[in-house]
Amino acid sequence: QRILSRHLLYIIFQKLVHKMGGGRMLAYEFIPNKERIPKTIESGHFSQLSGLVQNMKGFDATSLEARLAALVQQGSVRLEDALLETQHPELLKQKVR
């Protein structure tokens, strides 16, 4: 984990979500290995990564909730379907408003 935390550039988490009209489309989370991310990886607390990306500013980070909100606002994904895909439903609802 130490080697991974030092050499990893980005983490990309992908999910296929149901899209309106049928089929699926890609939603993703893009996490640059900056700020507290390397220490979190080194300590093995991978489940905390998603929460950390919410507070990253200026690093081109994209949270899953931000991407899902964009897909909902574009009319590509229903809010109900997006809520099934997130661990932070209240945050997603705030971003959609």
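How many positive and negative side chains does the protein have, and how far apart do the centres of the two sets lie? There are 14 positive and 9 negative side chains, with the two centres 3 Å apart. Lys and Arg count as positive and Asp and Glu as negative, while His and the chain ends are not counted. Each charge is placed at NZ of Lys, CZ of Arg, CG of Asp or CD of Glu.

**Before selecting anything**

This is a predicted model, in which local features need pLDDT of at least 70, side-chain atom pairs count only at pLDDT 80 or more, and totals for chains, interfaces and linings use all residues. Residues are numbered from 1 along each chain as its sequence is written, and side-chain values use heavy atoms, with hydrogens and water left out.

**Whole chain**

Colour by pLDDT, the predictor's confidence in each residue, from 0 to 100. The mean is 91, and 100% of the residues reach 70 or more.

Switch to a cartoon. Six helices and two strands follow the pattern α-β-β-α-α-α-α-α along the sequence. Helices (H or I, at least four residues) and strands (E, at least two) are DSSP runs, numbered from the N terminus. The C-alpha trace spans about 45 × 25 × 20 Å along its principal axes. Of the 97 residues, 33% are buried; that term means under 20% relative accessible area, with exposed over 50% and partly exposed in between (1.4 Å probe, protein chains only).

**Strand β1: V17**

Select V17, which is in strand β1. V17 counts as buried because its relative accessibility is 0%. Leaving out residues up to four places away in sequence, V17 touches G23, R24, M25, A27, L68, L71, V77 and E85; contact means heavy atoms within 4.5 Å. I37 is 20 residues from V17 along the chain, yet their C-alpha atoms are separated by 26 Å.

**The largest core and α4**

Now select V17, A27, L64, L68, A69, L71, V72, V77, A82 and L92, the ten residues of the largest nonpolar core. Such a core is a set of buried Ala, Val, Leu, Ile, Met, Phe, Trp, Tyr and Cys residues joined through side-chain atoms within 4.5 Å. Helix α4 (residues 64-74) gives the most to this core, with five residues. A second, separate core has eight residues, including I31, L49, V53 and M56.

Stay on α4 and show its buried residues: L64, E65, R67, L68, A69, L71 and V72. Their cover includes β1 (10-18), β2, α3, α5 and α6 (89-96). L64 itself touches F13, K15, A27, Y28, E29 and E85, not counting residues up to four places away in sequence.

**Either side of α4**

G75 follows α4 and has a positive phi, near 85°. Next, pick Q54, in the loop between α3 and α4. Q54 and G75 are 21 residues apart in sequence and 23 Å apart in space, C-alpha to C-alpha. Apart from neighbours within four places in sequence, Q54 is in contact with S63, E65, H88, L91 and K95.

**Last stop: E35**

Where is E35? E35 is in the loop between β2 (24-32) and α2 (37-42). Check its backbone: E35 has a positive phi of about 50° although it is not a glycine. Most residues other than glycine have a negative phi.
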